[in-house]
Amino acid sequence: MGSLSSPRDLTKPFNPLDPTELAVESSLVTDFIAEYYRTVEQRPVQPHVTPGFLTSQLPSAAPFASESVESILQDVYDKILPGLVQWQSPNFHAYYPATCSNAGLLGEMLCSGLNVVGFTWSASPAAAELEQVVVDWMGKMMGLPQGLLFSGGGGGVLQGSTCEAVVCTLAAARDRALERVGDDMFNKLVVYCSDQTHFTLKKGSKLVGIRPANVKAIKTTKNNEYGLCPTDLRDLVASDVKAGFIPIYLCGTIGTTAFGAVDPIRELGKVAREFNMWFHVDAAYAGSAFICPEFRHYMDGVELADSFSTNPHKWLLSNMDCCVLWLKFPKRVIKSLAAGGNFLEGGSETMVDYKDWQIALSRRFRAIKLWMVIKRYGYKNLISHIRSDVSMAKRFEELLLSDRRFEVVFPRKFSLVCFKLDVMKNVPEVVDEDDGELSHDSKLTRELMASVNVTGKAFLTGVRLGRIFFIRCAIGSTLTEDRHIQDLWKLIQEKAHKICIMI
């Protein structure tokens, strides 16, 4: 294994995979992480650092000699942790959650420790087959239609992110359309979404060659609860077809980033079928909630979808990264993404070679992590986890509604609460205008958010929509309890009081 000395014993030769050392050093790391979780709520959620703070503390060249794990962990504690946003803090309510768990971490350890590269079935048969099993488990837990599961003729794959899932489905939709109309019509291909669809669709469209002007985001309104209006969609698509364009792809969303809004999936699916478009449903955040039967009505009509994706790493305790993409017709994606080489030969059509279901050739053994989470906690406890977060969000919403200084700007559907100050009650606000100066209440709301975040006791993010600005409170961090929501409410009230008395 070489002639360098062991980091822990200078009399031993260099052995980077010494099982005895692994047992000792992994214990040091797990103890470090456990202590981090015990104390993370005492840390500022957002770091108070300036650009270059870390580069100035680290040497400009890599170390020539080895260092102990103890020394490295000390550097992490002293130099790295102070510059992190504490995503696992119970007071983190920004963006959407990135949940983790003991089982998720243990699954990651198995994934990294076994370190298999399961690009084909023959490269690691158990990795491929476990993935088939676990994506069907997940689909059945969520109540997905049989046609999206392996057991029903469809199938699923674990990706790293929604962006990867979207790129794969866009490529399949593009190639299917070009087979029909010819390559010379490439610049006529059009993708449709709403103005609330995550920008990952625009990024994915760029990557598969769709012109930016041909990614058409349809404006949503408060009257439709910021869901994509099927009538507006049908009118636009029909107009584009008349003008010689080729509609190829429609993205519907369940749980948009700004509001947690839900598109009318069934009606959109009908339009997609009418115009022969690939229909993808993005439920990156909200999809995990469908393990609870009371939320499944939001995906009414999902049987019309060609593909569906959700991210268990957001809300289902599965640690980054873990995105599940289900496909009604996997062969359409395989046809677009398949790549071969003589070193990959030796499989058969009955085997799943996941290299052809994703962008990259190599892939991580993500299935063992999701499998670990589901087996360790069971369906029952995962349901309780989701319901607990929704219950806390409901209580927070009730606190806001009990204080006349605040307005809940959008009906809560899951665990995201959107609110703003409402102190200028006699001054009407124009929500759906794209331009103009922020309303007075919105300026105060932005000031409120900044004053909360600067304390380090909580982290919230906001959205500007036309002339209004509102705060998003996404409840879902694994360590969040009722007491943290109460503390957040007290902090918001305190800062709101200081702002309001100055009006």
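The structure is a predicted model, in which local features need pLDDT of at least 70 and side-chain atom pairs count only at pLDDT 80 or more, while totals for chains, interfaces and linings use all residues. Residues are numbered from 1 along each chain as its sequence is written, and side-chain values use heavy atoms, with hydrogens and water left out.

**Domains**

- The domain assignment of the protein chain gives domain 1 (19-98), domain 2 (117-339 + 347-364) and domain 3 (388-502); such bounds come from an automatic or database domain assignment.
- The centres of domain 1 and domain 3, taken over C-alpha atoms, are separated by 31 Å.
- The contact between these two domains takes 20 residues from domain 1 and 21 residues from domain 3, where contact means heavy atoms within 4.5 Å.

**Nonpolar cores**

- A nonpolar core is a set of buried Ala, Val, Leu, Ile, Met, Phe, Trp, Tyr and Cys residues joined through side-chain atoms within 4.5 Å.
- Buried means under 20% relative accessible area, exposed means over 50%, and partly exposed lies in between, with a 1.4 Å probe and protein chains only.
- The largest nonpolar core has 75 residues, and the members that touch the most others are Ile254, Phe290, Phe308, Trp326 and Phe414.
- Helix H11 (residues 366-401) supplies the largest share of this core, ten residues; helices (H or I, at least four residues) and strands (E, at least two) are DSSP runs, numbered from the N terminus.
- Domain 2 (117-339 + 347-364) and domain 3 (388-502) each give at least three residues to this core.
- Another core, of 33 residues, lies apart from it and includes Leu178, Cys193, Ile246 and Ile248.
- In soluble globular proteins, nonpolar side chains tend to be buried together.

**Packing of helices H3 and H11**

- Helix H3 (residues 102-114) packs against H11 at an angle of about 150°, and the axes are 8 Å apart.
- Axes are lines fitted to C-alpha atoms, for helices over the stretch in contact, and angles run from 0 to 180 degrees between N-to-C directions.
- H3 and H11 cross in a right-handed sense; a crossing is right-handed if the near helix is turned clockwise from the far one by less than a right angle, and left-handed if anticlockwise.
- Residues in the contact include Leu106, Leu110 and Leu114 of H3 and Ile368, Met372 and Val373 of H11.
- The residues of this contact divide into nine nonpolar, three polar and four charged.
- In that count, Ala, Val, Leu, Ile, Met, Phe, Trp, Tyr, Cys and Pro are nonpolar, Asp, Glu, Lys and Arg are charged, and the others, Gly among them, are polar.

**The loop between strands S5 and S6**

- Ser288 is in the loop between strand S5 (278-282) and strand S6 (307-310), and Ser288 is buried, with a relative accessible area of 0%.
- Not counting residues up to four places away in sequence, Ser288 touches Thr310, Asn311, Pro312, Trp315, Leu316 and Ile386.
- Ala286 is found in the loop between S5 and S6 and is buried, with a relative accessible area of 0%.
- Ala286 touches Ile254, Gly255 and Phe414, leaving out residues up to four places away in sequence.
- The C-alpha atoms of Ala286 and Leu416 are 9.8 Å apart, although the two residues are 130 residues apart along the chain.
- Asp306 also has its place in the loop between S5 and S6 and counts as buried at 10% relative accessibility.
- Apart from neighbours within four places in sequence, the contacts of Asp306 include Leu148, Trp278, Trp326 and Arg332.

**The loop between helices H2 and H3**

- Ala94 is in the loop between H2 and H3 and counts as buried at 1% relative accessibility.
- Leaving aside neighbours within four places in sequence, Ala94 is in contact with Phe459, Leu460, Thr461, Arg472 and Ala474.
- Tyr95 is placed in the loop between helix H2 (69-80) and H3 and counts as partly exposed at 42% relative accessibility.
- Tyr95 has a positive phi of about 50° although it is not a glycine.

**The loop between helix H9 and strand S7**

- Asn319 lies in the loop between H9 and S7, has a positive phi near 50° and counts as buried at 10% relative accessibility.
- Asp321 is in the loop between helix H9 (312-315) and strand S7 (323-327), and the peptide bond from Met320 to Asp321 is cis, with omega near -5°.
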